[in-house]
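Here is a short tour for anyone who likes to check a model by eye. Have the viewer open and follow along.

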Amino acid sequence: MKTDTLCSEKPAAAMRRRELLAGLAAGLLLGGRRLRAAPAGGVGIELFAVDGRSEGLKNREPVRKSPEQWRRQLSPAAYQVTREAGTERAFSGEYWNNHAAGLYRCICCGTALFYSGTKFESGTGWPSFWKPISAHNVSDSVDKSLFMTRTAISCRLCEAHLGHVFDDGPAPTGLRYCMNSVALNFVPFPAKAAA
Ligand SMILES: [Zn+2]
């Protein structure tokens with residue numbers, strides 16, 4: 001049940017240029033805005049440098065660990081949210097009021113998930129974004145828990161539950177990715193890039 005319809009990722013011009021050059025080199029003409037599909041046998045994840053530059057789509061083995069391994073790696077709160085689809089209390093997390101520039105990465109596997117430039121004040125007490133950093137890096141699924149039908153958002157590489165997406169967000173997407181701080185690891189841009 002994976003679709004990209006909720007994620008309107010628009011690669012930067014530089015990315016499109018690099019993709020085009022790579023495609024021409026491979027003898028392929030690329031259509032549309034999608035990046036090249038990753039080779040079979042893995043998950044195509046868009047990688048991002050510490051300053052936020054895209055490094056393109058790379059094939060990665062899905063990250064799979066036992067509950068015991070995840071428990072050893074994560075805090076109890078992070079385990080409950082990411083591996084048991086929990087939700088942190090509103091205004092309790094580290095990032096709902098974070099205004100620094102940088103990338104929000106998966107607490108479980110480090111995949112880049114959100115960029116500070118798409119964060120907005122939702123007033124909900126959870127960090128909120130109007131789009132993921134790359135449609136390749138998250139997946140969505142129907143969540144019928146708590147007598148509601150919601151769209152859950154997960155890290156595509158390790159299947160960590162991150163939060164939910166709603167359709168009452170700001171322009172340009174109209175989407176609100178309502179995330180749990182504890183599922184994320186904020187990595188500020190280096191001083192020069194953040195200036
Ligand atoms: Zn992950």
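What is the order of the strands in the open sheet of six strands? The order is β5-β6-β10-β9-β8-β7, and the pairing is antiparallel.

## Ground rules

This is a predicted model, in which local features need pLDDT of at least 70 and side-chain atom pairs count only at pLDDT 80 or more, while totals for chains, interfaces and linings use all residues. Residues are numbered from 1 along each chain as its sequence is written.

## The chain as a whole

The protein chain has four helices and eleven strands. Both are DSSP runs numbered from the N terminus: helices are H or I with at least four residues, and strands are E with at least two. Of the 195 residues, 34% are buried, meaning that 20 or more other C-beta atoms lie within 10 Å of a residue's own; 12 or fewer makes a residue exposed, anything in between is partly exposed, and C-beta atoms are placed from the backbone.

Two residues are in contact if their C-beta atoms, placed from the backbone, lie within 7 Å. Among contacts with a separation of 6 or more, 55% link residues 24 or more positions apart.

## Confidence

The mean pLDDT (the predictor's confidence in each residue, from 0 to 100) is 85 for the protein chain, with 78% of residues reaching 70 or more. Please treat residues 1–33 with care: pLDDT stays under 50 there, and the model has 34 contacts beyond four places in sequence for this stretch.

## Inside the sheet

Strand β9 (residues 161–166) has five of its six residues buried, so the rest of the structure largely encloses it. Four antiparallel bridges connect β9 with β8 (residues 150–155); here I153 stands opposite G163, and A152 stands opposite H164. In a regular strand the side chains alternate between the two faces of the sheet. The hairpin of β8 and β9 has five residues between the strands, and E159 takes a positive phi near 65°. With β10 (residues 176–179), β9 again runs antiparallel over four bridges, and V165 stands opposite Y177.

## A look at P67

P67 and Y79 are twelve residues apart in sequence, and their C-alpha atoms are 8.8 Å apart in space.

Conventions. Two strands pair if DSSP finds at least two bridges between them.
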